[in-house]
Amino acid sequence: MFIETKEIGPEGLVVSRSIDGFRLPLTGADAIWIDRVHLSGELLKEDDGVSFAGRIETRATLSCSRCLEEYFLPLDLPFDLFYTTGPETPPGDERRLDEEMVTRVHIDGTRIDLRSLLTEQVYLGLPLKPLCRPDCPGLCPRCGTNLNVGACTCAEERTEDPRLRILKSLL
């Protein structure tokens, strides 16, 4: 799925596309399912490249990191990128990154890969610790019962660590 740069006129090009759902691979055999994606934005030709500003709207199916249940996360991801055919590395031995270099994407000059754009932006929009809800109690550390569903059958009495009694007295 590509946009040819020759399609972009002097007034720019407005893009509005819907893309079927796809899987984002993670480490190992894990993957995240991304529902139908709506991509909208505007491309403008500039002297040294093409600017592309827009928005990606979709929904991801994630596993909660506390209770391990699957849930849907709506994603509304704005982006502002600059596609260039210039060199990928800064001139000289300068190794410092600035904001302009982070939003700069190197292309071969003939087309922009929308699948690559979607994959990158969705990865960036995913939470580091996915939670089905902010107050998710997770799983019981003893028996593994999902505490969102109900209380566990573990003994309520917890054995106290004698080393922590002094701390408890401070409360």
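## Pairing of β3 and β4

Strand β3 (residues 22–25) pairs with β4 in the antiparallel sense over four bridges; two strands count as paired if DSSP finds at least two bridges between them. Strands are DSSP runs of E with at least two residues, numbered from the N terminus. F22 stands opposite I34 in β4.

This is a predicted model, in which local features need pLDDT of at least 70 and side-chain atom pairs count only at pLDDT 80 or more, while totals for chains, interfaces and linings use all residues. Residues are numbered from 1 along each chain as its sequence is written, and side-chain values use heavy atoms, with hydrogens and water left out.

Strand β4 spans residues 31–34. I32 and I34 make up its covered face, whereas A31 and W33 lie on the uncovered one.

β4 is also joined to strand β6 (residues 49–63), by two bridges, and these strands run antiparallel. T61 in β6 is the bridge partner of W33.

Strand β5 (residues 37–46) is joined to strand β2 (residues 13–19) by seven bridges, in an antiparallel arrangement. Here R17 has L39 in β5 as its bridge partner.

Nine bridges join β5 to β6, and these two strands likewise run antiparallel. E42 stands opposite A53 in β6. The two strands form a hairpin, with two residues between them.

## The aromatic pair

A search of the whole structure finds one aromatic pair. F52 and F79 form this pair, with 5.1 Å from centre to centre and 90 degrees between the planes, an edge-to-face geometry. The rings of Phe, Tyr and Trp (its six-membered ring) pair if their centres lie within 6.5 Å; planes under 30 degrees apart count as stacked, over 60 as edge-to-face and the rest as tilted. The pair links distant parts of the chain, since F52 belongs to strand β6 and F79 to strand β7 (residues 70–84), 27 residues apart.

Both F52 and F79 are buried, a term that denotes under 20% relative accessible area, with exposed being over 50% and partly exposed in between (1.4 Å probe, protein chains only).

## Charges over rings

Arginine side chains also meet aromatic rings. The charged end of R59 sits over the ring of F72, 3.8 Å from its centre. A charge is assigned to a ring in this way if NZ of Lys or CZ of Arg is within 6 Å of the ring centre and within 35 degrees of the ring normal.

R115 places its charged end over the ring of F22, 4.8 Å from the centre of that ring. F22 is also the residue that stands opposite I34 in β4.
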